[in-house]
Each structure stands twice: as structure tokens, then as C-alpha cells.
Amino acid sequence: MPKTQLVTIGAAALAPFVVFASFPLPIVALPAIGADLGVGIAELNLLVSGYALGLGAFLLTGGSLADRFGAGRVWIGAMVGFAVFSAACALATTVPLLVAARIVQGGAGAALMASSLSLIAAAVEPKRRAGAVALWGAAIGAGLSTGPVGAGLALEFGRWRPAFAVLAAVSAAAALLGVLALPAARGAARGRFDLVGTVLLTVGLGGLILGVSWVGADASAPRVWVAFGLAVVLLPVFVLQQRRRAVPMIDVGLLRLPTYAGGLVAGMAMALSILSMLVLLGPYLQVVFGLSALQAGLWFLPATLLSTLVALFGARIGARFSLRTRLTAGLALSGAGLAALAFVQTSWTFPLLLPGFVLAGLGMGLANPALGAAAVVGVAPERSGVAAGAANTARQLGNALGIAVLGAIIHAGALASARTELPVAADLLAAGDLRGAAALTSADAVQAAYAVAQTSGVRLALEVSAVLAFLGALVAAFLLRPRRTAPVVVPAVRPEPSTAP
């Protein structure tokens, strides 16, 4: 393989690594961040969902920029931005500053994800593309492994900020290597940059994701109505505006590709189920099982490391099994892992959780490279950035929605259990206010009731997420079923006339 292709594949794999290392990084650190900044864990939910907000809102924009200005240029600029805002997270002294830095960091990550798959589509010939996409998928698992463990190691020394600082340093070094090695050619897309569409889509999706993130805390709050109002107004306007353009940001013709449509559904189902539950299990393992941040990160390793190892063999697996088989099996195995974890009890130890983590890791390892392949197979290289951006947007919308909905399910299940276990302090227990609950009764009774209540809520959320994964597997299998007609290859969209508005 030529050296230039190796560099391109390495750069493409670095993008999902840093993006997915940052995604779960705060999970095990939430208690420490809350104590350091003087707030409760519930107020820090936007550290995770805010990152998903930035990713989901800017992915299509990032793909459009990659198609227009060149994937190499956008990758370098996005990696620089990721380094800058990772450093801003490390230096933040208040929750609003930290959340703002996370949202913009997610926006840089969006451009990285879209441009990385575009790099592969443009620089790697089809016969080598399966191996490149497999490495890209393995990097997702490697990032998911590194984030929680890195945060846990930092917290062993009493600080959470160095974890973000290390991520900033890695991103800065990667950006420098990109400047030296990546192609600087402009993209093939023509026409004016769609600034109006970018603003409409970004603000509209941002409103949707924020609304979903806030609705569980207080559905009647004005901020929820404002957020959903922006989404309801701006997203339809965006659709109408795109129909007038010769070069739209979203190419509806992509949905005619069975592989693309099936991958879109499978990606959202993965995000709604297993990826969202991994986020929510982090604080649960610490609070109920009494683990340290490092121990909690290590307990996730069977799932995340196995995901990485399976994905590394993605090219060989892809040569023997179809996209349909890999996506369906990946979701089904993830669902089986979630179903196994749904039997969790407060008395369980790590070996009892291990089968569920192993099944989930196998599922993610099978699905992640297949999702990357589904996003670019049959798509013209000059439109691959938009295609990858739309596919990853669906996944990040699934993440934001899954965290909000499953978090609300955990709260509802915990509240129902707390009303049976300790009625006098049920609302406080469900909200995680153990200090307030202890003022009403004994601390020992509060701790015991809280563990039972949270476990009840987590079990309910695991059951729901398992059902979502199995449903995703069924839908993906249906959409990707063999067809007699030849597959449709979506061509590049015709150039936009210079007189277009």
C-alpha cells in the first residue's frame, strides 16, 4: 500500500479515536467535577448531551465543508479546533464555561468525523477500502476504552482536568502531522456555500437536542418550549430552503441506496440503545457499587476493548459476511448484552456483569465498521462528506435522544421503587439528593433505599434499550434484504448555477 494511503488511513482513524475518547471522558468524572465546581451531578448532564449537541448539529455542515474545501483541509482545521476547545474544557472554572466548551468541542468533532470518512472515500481504492473502514471502526472502540480509563487515572491523582489536557495535546500533535502529510487539495463540490442552510440546520437541530435533553428535568420549563419551538419552526424551513438549491446539504437521493438507508437506521438504533446506556451506567457503577472512577472505567474495558479487537478484523469479516448480516448481528448481540445486564442486582460483582459486557462489545465491534462502510458505499466521492455527515448526524441525534429518554426512564423507575422503599424521602432519592434525604431519616436507610431504587430504574432502562436494539436489528435486516434489481449508485449532484440565490 502506498505511503500516502497509509497516512490518510491513519489520519482518518485518529478522528473517531479522539471524538469517542472525549464523548465518555466526563462520565466517570461527574462526581469529581460536581464537587470541584460546587454543583450536583444532575446539573452536569449537558457535559455529555451538550457534546452530542455539538456533534449532531454540525455534522452535516462539516460534511458539506469537506466536499467543498477538501477533506484534508477540513480535517486539519477541525483537529486544531478540537485541541483548542479540549484545552478550554481543562481550564473552565464554571459549569456554563465547561458546557459551552464541550458543545463547541463537539462541533469540531463533527467536522472530524465527516471529513475522516471522506478522506477514505477519496484516497483509498475500493479494494482496500474495507480494511480502512475496519480500522476507522476499531478506533471508535479504542476511543470508548481510553476516555473513561484516562479520566479514572487522572482522578487517582485527585484531578479531572489533566484528562482534557492530555486530549488537547494528542489533538494538537495530530493536527501538526496532518499539516505535514495530508492533501491540501480543494473538494470537487461547486456552487456557493450554503450559509443560510447551515444556520437553519444548526440552530434547528440544536433546539431539538437541547429540548430532548431538558424535557426530562422539567417539561413545562420555558427553555424547553423555546428549544422545541426553534426546532419546529427552523427545521421545516430548512427542508423548504434545501428544495430550492441545486446542491443541497442533504441529498435525499442517498436514501434510495438500501445500504445507506439501512445503515442510517442501524446507526440510530445503536446510539439509542447500547451507546446511551454505556453513558448512563458510569455514574451508577460508582454510586451504587462504590467503585472509584478508575475502577468504573476498567469495568467497561471488556465491552470497549472487545469492540476494538473485533472491528480490527472488520475487513476479513466483511469479506465473508454482508453488511446486512453484520449490522443485524451487531444490533442483536448488543441487545442480548443489554438484556443480560438487565438482571443486575445491588449484590452483583464484576463476573456477573461480564457476560453482558462481552456480548455488547461483540455487537459494537461488528456494527461500527459496517456503519462506516454503509455511509460511503455507492456514493460519489465528491458527495461522501455530506453522506458521512448525514449518517453520523442520525447517530448523534440518537445519542442525545437516548441519553435523555433512558435517563428519564431511570428516574421514573427509581421514583416508583423509592416510594415503596422509603416513602418519606422518595422524591429526594429519585433526584439523587442523598443529603436532603438523610435529613429526614437515617443515613443507612437512605443509602440502602437509594441503591435499590437506582438499580430498579437502571434495570427498566436496560430492558427498554435492549428492545430498541432488537427492533433496530429487525428493521435493518428488512431494509438491507437482497433485491433483484441492481443497486442504485447516487451520482454527484449537478453544479449549482452561479445565479442561484
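This is a short walk through a predicted model, one selection at a time.

**Before you click.** Residues are numbered from 1 along each chain as its sequence is written. Because the model is predicted, local features need pLDDT of at least 70, side-chain atom pairs count only at pLDDT 80 or more, and totals for chains, interfaces and linings use all residues, while side-chain values use heavy atoms, with hydrogens and water left out.

**Whole chain.** Start with the protein chain and colour by secondary structure: you'll get 19 helices and zero strands (DSSP runs numbered from the N terminus, H or I of at least four residues for helices, E of at least two for strands). Of its 501 residues, 56% count as buried, meaning under 20% relative accessible area, with exposed over 50% and partly exposed in between (1.4 Å probe, protein chains only). The accessible surface is about 19900 Å², and 70% of that belongs to carbon and sulfur atoms (Shrake-Rupley method, 1.4 Å probe; for residues, only the protein chains shown count as cover). Among contacts (heavy atoms within 4.5 Å) with a separation of 6 or more, 83% join residues 24 or more positions apart.

**Into the core.** Now select V19, W75, L112, L285 and F289: of the 131 residues in the largest nonpolar core, these touch the most other members. A core here is a set of buried Ala, Val, Leu, Ile, Met, Phe, Trp, Tyr and Cys residues joined through side-chain atoms within 4.5 Å. Helix α10 (residues 258–289) gives the most to this core, 15 residues. Stay on F289 and show what it touches: leaving aside neighbours within four places in sequence, you'll find Y284, W299, V344, Q345, T346 and W348.

Next pick L195, V199, V203, V226 and L230, which make a nonpolar patch of about 410 Å². Patch residues have over 30% relative accessible area and no salt bridge; like charges are joined within 9 Å, nonpolar side chains (Val, Leu, Ile, Met, Phe, Trp, Tyr) within 5 Å. A salt bridge would be a side-chain nitrogen of Lys or Arg within 4 Å of a carboxyl oxygen of Asp or Glu. Helices α8 (195–215) and α9 (222–243) each give two or more residues to the patch, and α8 gives the most, with three. V203 lies in α8 and counts as partly exposed because its relative accessibility is 35%.

**Last stop: confidence.** The chain mean is 79, with 84% of residues at 70 or more. Finish at residues 492–501, where pLDDT stays under 50. Where pLDDT is low, the predicted coordinates should not be read in detail.

Key: pLDDT is the predictor's confidence in each residue, from 0 to 100.
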